[in-house]
Number of protein chains: 2
Amino acid sequence: MTTEFSGTGDPVRTLELLWGVQERPRRGPRPKLTAEEIVRTAIGLADAEGLDTLSMRRIAERLGVSAMSIYTYVPGKSELIDVMLDRAYGELTPPPDGAGWRAALEHIARGSWALFHRHPWMLQVATGRPPLGPHLVEKYEFELRAVEGLGLTDVEMDSVAALVNGFAESSARVSVHTAEVGRRTGMTDEQWWEAAAPFVAKVVDPERYPLGHRVGTAAGQEYGGAVGPGHAFEFGLARVLDGVEALIASRADPAG
Amino acid sequence: MTTEFSGTGDPVRTLELLWGVQERPRRGPRPKLTAEEIVRTAIGLADAEGLDTLSMRRIAERLGVSAMSIYTYVPGKSELIDVMLDRAYGELTPPPDGAGWRAALEHIARGSWALFHRHPWMLQVATGRPPLGPHLVEKYEFELRAVEGLGLTDVEMDSVAALVNGFAESSARVSVHTAEVGRRTGMTDEQWWEAAAPFVAKVVDPERYPLGHRVGTAAGQEYGGAVGPGHAFEFGLARVLDGVEALIASRADPAG
DNA sequence: CCTCTCTCTGTACGTCGTACGGAGTTGACT
DNA sequence: AGTCAACTCCGTACGACGTACAGAGAGAGG
């Protein structure tokens, strides 16, 4: 499966689409659709079947029009995906007022984690140039609000937000992709492991890799058991926030 | 652009390929190629032109054979990518003997960061089921060695390794994808921003988004300037390791 | 009514992974 | 030596993809 690249379309066309500033045409037949409708349909398909099987033809079919009609509303697939992304980010909620910085960052991380699980396809889009839509702007604002007034510089505030976001994303990635691989191979992790285990046992020497052998077994049991992939997320989140806490403490205490 | 999924091929076939245990055939014409050669060629193409434009036909062309000949050595594209991944991981070096846990984890993170920049396509492969090849096994072992004997449980050791790896990956992802989008649009970030800025200024209200406006400008200047994308990596790495340090301290001091 | 603009559609091109079947080559066995 | 089975390699073909292009039909302004 493949990674779509965000921000590869014409910048201005994409921004117009993101902010919904297309003027209504004065002449010609009534449009059957709206860009909004196309985006909604595309997200629905991507949620259900993944980004790989999302095609312009399938979106069109779902909407009861021909493939090429879609191009009346949307310049291309690239731009469509940008808008899908921004829309999805719109589902995030800001941390509650009055929450401390740590609770606020936890809220943000948990929100992203859940979002990526609702919309797994988001993790397949490389946001080298993030779609500067209304929802992404909103999100950036409340992320910064979470770390305001703690004695951090502007650049540090940005870096902390990026760190938490990056962590939530990479953590969700593991969880989501594991499930995704299972879905697309029709093979659970257990079935896969059952097929692979005898071979691995034959080929990997436990004396050469004692730690990997011991820890891998322990971790495998842990994740296969009741704890699940959420464990790595909770563990990592605590460590990352402890690290941020150390930074904040060093700023509050000039001796640090 | 798209994300290839690792581990979607037949497990046993893939493992045989990874560990190179195909027995030499006794009969039939001498093979022109080896699996190794195909993997090497594929990595070269992916490094130079990305994973999207890597096709079986192009690999074959480069090797002077027909497209279908490739399938004599490799079951399919999925399995080929798994082997490419494991091979690339083989470029990593273990931390020097005697390094402290922090220096060792830094070595590991910096190694991954550099590796992903050398082989940007690795970030387009979703390793939900990581290819259990010799190099990945080796890598896992020296990662665990870095956090051995610090009073952590087996599961915690695994989690710390995953945290550092995840951080390095997500951090490299931003840097690599930014460059990649520039390459594939033929548009530098500056050109893109020049095209987008007037529109953004018109549509984003600075009074509604005061922090985003201020911090975004500051961060933009910082990253556009001499500091570059390595800054976010260095900043995040320090925070993550501080977080790990707090954990280790709490284990060493039973009062924690 | 005429004409201009806009919507919608069918066809077509070049790409992809790879299934299939056949042609040619080699070693093992009789 | 002759035969056969295993093996490599290749040409063709299928059904997908994004989308360029050109044309048909619709509706409003003059």
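A residue is called near a molecule or strand if its C-beta atom, placed from the backbone, lies within 6 Å of it. By that criterion there are 26 residues around DNA strand C, and those that come nearest are Pro25(A), Gly28(A), Lys32(A), Met68(A) and Ser55(B). This is a predicted model, in which local features need pLDDT of at least 70 and side-chain atom pairs count only at pLDDT 80 or more, while totals for chains, interfaces and linings use all residues. Residues are numbered from 1 along each chain as its sequence is written, and chains are lettered from A and ligands numbered from 1 in the order in which they are written.

Helices (H or I, at least four residues) and strands (E, at least two) are DSSP runs, numbered from the N terminus. In chain B, α3 (56-63) and α5 (77-89) each supply at least two residues of the surface near DNA strand C, with α3(B) giving the most, 3 residues.

Around DNA strand D there are 27 residues, of which Ser55(A), Pro25(B), Gly28(B), Lys32(B) and Val65(B) come nearest. Here α3 (56-63) and α5 (77-89) of chain A each contribute at least two residues, and α3(A) gives the most, with 3 residues.

The protein chains also touch each other: the contact, counted where C-beta atoms placed from the backbone lie within 7 Å, takes 66 residues from chain A and 67 residues from chain B. On the side of chain A that touches chain B, α8(A) gives the most, with 18 residues.

Key:
Two residues are in contact if their C-beta atoms, placed from the backbone, lie within 7 Å.
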